[in-house]
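Subject: Structure handover

Hello,

Here is the structure I promised to pass on. Please open it first, then read my notes beside it.

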Amino acid sequence: MVTTHILETAEVDLAYDLHGPLPTADGRPLLFMIGQPMDATGFTRLASYFPDRTVVTYDPRGLGRSNRKDGRVDSRPEVQAGDLHALVEALGAGPVEVFASSGGAVTALAWVAAYPSDVVTLVAHEPPLIHVLPDAPAAERALNGYLEAYQAKGFGAGMATFIGMTAWKGEFTDEYFAQPPADPAQFGMPTEDDGKRDDPLLSDRAIAIVQYRPDVEALTAASTRVVIAVGEESKDVFTGRTAVATAELLGQEVTVFPSHHGGFLGEEFGYAGQPEAFAAKLREVLDKG
């Protein structure tokens, strides 16, 4: 059974879904599944493989059903961390377990650094943190490439450039920057500019996520068990490399999961992963805690 709720605060009406009972039927902690800019709909398939657990999914502020009232549009991990802390307090059910992916993994690292007593185990899947990379200046230049393409020509050009960046294997070299502009039609993207510049992934609203610098001292001192995860198909590309580098920064080896960056997604999102195998690996990692 899934029930939808709204947590009203001064800055946001935060929409979240409870998949299962509260208190939990099995006595285990609540299992949060979070992403960024992905909202709760991205975790429907993964949550379905945990029928014995009570899972919480949510829409980050400004996305999906969560209405911002703070007059801002940027996505700052520290602010999102405060939202999640407020949600745990409202549910009265901490500490919780967390699976966090992509920008959600960045938010979760900020969450644990600020509120370590909220989280007993965090599995952070491929956090896209530019500054952990040895080629950070080149990676930042590549990032600026898709931001500029989006601002100049709209969604199709921006997304095609983004795909090219995130699919590039290894460090960003002169060879990468010598490529011709990405062709949106090659990726099935629209070639016409719709005039919008508010995409949560391609606009400057997401800059604070990739620019976030994790608080290594706070994370290593926290009682939270932090596991940095990477998809087996992702190791050589941008988010895989950031995952490996983040794990090294925290003095651990990266934990390998099936599939790619969206490995927990079903075919309903186009580039399907291996959600059943991914869920089995997540269960294994959580149970080790």
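The notes below cover pockets, helix pairs and some backbone details.

This is a predicted model, where local features need pLDDT of at least 70, side-chain atom pairs count only at pLDDT 80 or more, and totals for chains, interfaces and linings use all residues. Residues are numbered from 1 along each chain as its sequence is written, and side-chain values use heavy atoms, with hydrogens and water left out.

**Pockets**

Rolling a probe the size of a water molecule over the atoms shows where empty space is left. The search uses a 1 Å grid over the protein atoms alone and a 1.4 Å probe. A pocket is an open set of points with protein on both sides within 12 Å along at least five of seven lines. Lining residues have an atom within 4 Å of a point. Grid points are joined across faces, edges and corners, and a volume is the space filled by probe spheres set on the points.

The largest pocket holds about 1,300 Å³ of space. Its lining has 39 residues. Nearest its centre lie Ser102, Phe162, Leu201, His261 and Gly262. Helices H4 (136-153), H5 (155-167), H7 (207-210) and H9 (238-249) each give two or more residues to this lining. Helices (H or I, at least four residues) and strands (E, at least two) are DSSP runs, numbered from the N terminus. H5 gives the largest share, seven residues. By class, the lining of the largest pocket has 22 nonpolar, 14 polar and three charged residues. Here Ala, Val, Leu, Ile, Met, Phe, Trp, Tyr, Cys and Pro count as nonpolar, Asp, Glu, Lys and Arg as charged, and the others, Gly among them, as polar.

The second largest pocket has a volume of about 570 Å³. It is lined by 22 residues. Thr161, Gln179, Pro180, Pro181 and Ala182 lie nearest its centre. H4, H5 and helix H6 (174-177) each supply at least two lining residues. Which helix gives the most to this lining? H4 does, with seven residues. The classes are 13 nonpolar, five polar and four charged.

**Helix pairs**

The axes of H4 and H5 come within 6 Å and cross at roughly 165°. So H4 is roughly antiparallel to H5. Axes are lines fitted to C-alpha atoms, for helices over the stretch in contact, and angles run from 0 to 180 degrees between N-to-C directions. Angles over 145 degrees count as roughly antiparallel, and 65 to 115 as roughly perpendicular. In H4, Ala139, Ala142, Leu143, Gly145, Tyr146, Ala149, Tyr150 and Lys153 make contact (heavy atoms within 4.5 Å) with H5. Their partners in H5 are Phe155, Ala157, Gly158, Thr161, Phe162 and Met165. This contact of H4 with H5 has 10 nonpolar, three polar and one charged residues.

The second pair is helix H2 (residues 77-91) with helix H3 (residues 103-114). Their axes come within 8 Å and cross at roughly 70°. Therefore H2 is roughly perpendicular to H3. Pro77, Glu78, Gln80, Ala81, Leu84, His85 and Val88 in H2 meet Val106, Thr107, Ala110 and Trp111 in H3. By class, that contact has seven nonpolar, three polar and one charged residues.

**Backbone details**

Where is Pro23 found? Pro23 sits in the loop between strand S2 (12-19) and strand S3 (31-34). The peptide bond from Leu22 to Pro23 is cis, with omega near 5°. The bond from Gly94 to Pro95 is also cis, with omega near -5°. Pro95 is in the loop between H2 and strand S6 (96-101).

Look at Ser102 again. Ser102 is not a glycine, yet has a positive phi of about 55°. Its place is in the loop between S6 and H3. Ser102 is also among the residues nearest the centre of the largest pocket.

Best wishes

Terms used: Parallel < 35°, antiparallel > 145°, perpendicular 65-115°, else oblique.
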